[in-house]
Amino acid sequence: MNILVCISKTPDTTAKISFKSDDTEYNSDGVTFIMNPYDEWYALVRALEITEQNGGSVTVINVGPASNDIVIRKALAIGASDAVRVDIDAPDSYVVASNIAAHAKSKTYDLIFLGKETIDYNGSEVGAMVAELLDLPYASYVTKLDINGNQATVTRELEGGEEVSQIDGSFVLSAAKGLAEQRIPNMKGIMMAKSKPLNVVAPIQADARVHVAKYTVPPAKAGVKMIDPDNMDELVRLLHEEAKVI
Amino acid sequence: MSVLAYIESPGGHFKKSGFEVATYASKVAAALNTNAVAVVIGKVENAGSLGQYGISKVIQVNGDSLVNFDSQVFTKVLSSIYQEVGANTLIMSHTANGKSMAGRLAIRLNAGCISGVNALPNTSGGFTVSKSVYSGKATATYGINTPDRVITVMGNSIQPQSTGSAVDVENKSLDLGGGKVKVVEVKSEEGGVPLPEAELVVSAGRGMKGPENWGIIEDLASALGAATACSRPVADADWRPHHEHVGQTGVAIRPNLYIAVGISGAIQHLAGVNNSKVIVVINKDPEAPFFKAADYGVVGDLFEVVPKLTAAIKKYKNQ
Ligand SMILES: Cc1cc2nc3c(=O)[nH]c(=O)nc-3n(C[C@H](O)[C@H](O)[C@H](O)COP(=O)(O)OP(=O)(O)OC[C@H]3O[C@@H](n4cnc5c(N)ncnc54)[C@H](O)[C@@H]3O)c2cc1C
């Protein structure tokens, strides 16, 4: 069973956020980047577990510039067999998805995994786009996956509940918390990753469909109003009269 | 070119997020000088009631293959209705199922896609719309380069407005063939308010010491009619169910009121809650970082403060 895992690079959450070019571009100077946790902890690790049980290999794909190689090497250190990087600093999710789908069409993967969203833009768009471009079913927000021959049983996380379904054949899966346990790369993995293939391929032609016109930073909070712990009536009064939320 | 709203109806009923989408779509339609049409899939009681939120017509689609959700099949249905009504904007809720289709529909309709918008678009001289990015540390205003648009609306971004009256429902049978996904079971959590929809949330962290102490949190939540949430270590230790975990790696919520009890306020926690309208922090440590993100703060032992707050809420409600 061959699995393609899509990985992306995001700023570490603790990173300070600033913008440049008249507030139309994210300023990445001095920012520490990490592999998107949903891709790394859940999608990649579950893919590795499945191939460890059933045989096959895990290929990771990233759409991005050479500076992304660091997260790709980490995925290889965690256990992926090989990697593909589509060499373009993609301007939107459509360009990312089109390039992933183009690569997937050129190979035969049984399953395609990615994280449920990135932690910077929380878009959740790429998985659904790839599924549609490849005309495949899409199992999103998956917290549990069992594979039995050609059939998969997935549990999807929904608002206020969950849904269990069965899918025959190939599909795209977006991974949520619970699907697997994070793996920390060991020394041997890190050494081996250096010699694993990382194929850089040229992007296909695709035009961005959206763009950021402006970034703004929300105004700072006015400051916290401290309430005497023995006067909860006062807190209730403020929540009612001042904040008007109860 | 009308605006099409897809209104979800889990279990045959609309939810608050559905009324938000109906309201959002009607307002977008008004700004674009057109009408808003709603589409519902499967059996729903009173589908025409969406007219109250400004929808001018409701199309209800039924078909053997539409009993359970399959993003591939539902996408075909929605794009066929979209073409039929001659829409150029499709609006859905930012729910698990909405998000599973937004990207698919963008491909099928050659549309630009913005998911999780938090405000109405600006339509003066174009179409731009904003969403919260970078863990709530910034807002991005997007422009859409294509004539067609697919948008998902973040919960609690707009207040549902019910001012109009019910409208006619056009029933339609569509069978575009079954999908490859067979739903075998749908489980819903018993009782309580689902967290992503809740307007009031009481959340607690490691300061609670153990799961046996959650009674005071549940009492406060029930006095307020609030949903309960928790920090990640609490869910990881199985003190509370995973669906209550809020933050960067859990659910992102934007209630009107978020009460944080015994939570330090780590940046990864704030990422999921800092779009809340009002934040109350109860913590015994005056240096807890959460106070910087709070509107109201109480420094004290939660085991004493929370029962007092519950009593004060009850007193207020009984007045
Ligand atoms: C990549 C990554 C992702 C993460 N994602 C998330 C996420 O999604 N959500 C999340 O919540 N965390 C997340 N975390 C963890 C986060 O960094 C914090 O560790 C976590 O939020 C702390 O939880 P807490 O506030 O409950 O516990 P603590 O940090 O231990 O804080 C407990 C608080 O309770 C107070 N307290 C103790 N006793 C009392 C008392 N009797 N009365 C009043 N106050 C009391 C203490 O003063 C303290 O402030 C993530 C971390 C990483 C690295």
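1. A salt bridge is here a side-chain nitrogen of Lys or Arg within 4 Å of a carboxyl oxygen of Asp or Glu. By that rule, six salt bridges cross the interface of chain B and chain A. In one pair, the side chains of E162(A) and K187(B) meet with an N to O distance of 3.2 Å.

2. On conventions: this is a predicted model, in which local features need pLDDT of at least 70 and side-chain atom pairs count only at pLDDT 80 or more, while totals for chains, interfaces and linings use all residues. Residues are numbered from 1 along each chain as its sequence is written, chains are lettered from A and ligands numbered from 1 in the order in which they are written, and side-chain values use heavy atoms, with hydrogens and water left out.

3. The chain interface. The size of an interface is often given as the accessible area lost when the parts come together. Chain B and chain A bury about 6900 Å² between them, and 56% of this lies on carbon and sulfur atoms; buried area is the accessible area (1.4 Å probe) that two parts lose on being put together, summed over both. On the chain B side, I107(B), Y134(B) and Y296(B) lose the most area to chain A, together 12% of what that side buries. Contact, meaning heavy atoms within 4.5 Å, involves 83 residues from chain B and 75 residues from chain A.

4. Polar pairs between the chains. The interface of chain B and chain A has 43 residue pairs in polar contact, both residues at pLDDT 80 or more. A polar contact is a pair of N or O atoms within 3.5 Å; within protein, one must be able to donate a hydrogen and the other to accept it, and residues adjacent in sequence count only if both atoms are side-chain atoms.

5. Domains of chain B. An automatic or database domain assignment divides chain B into domain 1 (2-173) and domain 2 (195-317). Domain 1 of chain B gives 13 residues to the contact and domain 2 of chain B gives eleven residues. The two C-alpha centres lie 32 Å apart.

6. Domain 1 of chain B and domain 2 of chain B bury about 970 Å² between them, 39% of it on carbon and sulfur atoms. K16(B), S135(B) and N156(B) supply 48% of the area that domain 1 of chain B buries there, more than any other three residues. K16(B) also forms a salt bridge with E199(B), at 3.5 Å, N to O.

7. The ligand site. Residues from chains A and B surround the ligand, so the site is shared between chains. In total 27 residues surround the ligand (a heavy atom within 4 Å), with S264(B) and H269(B) among the closest. An oxygen atom of the ligand is 2.7 Å from an N or O atom in the side chain of S264(B).
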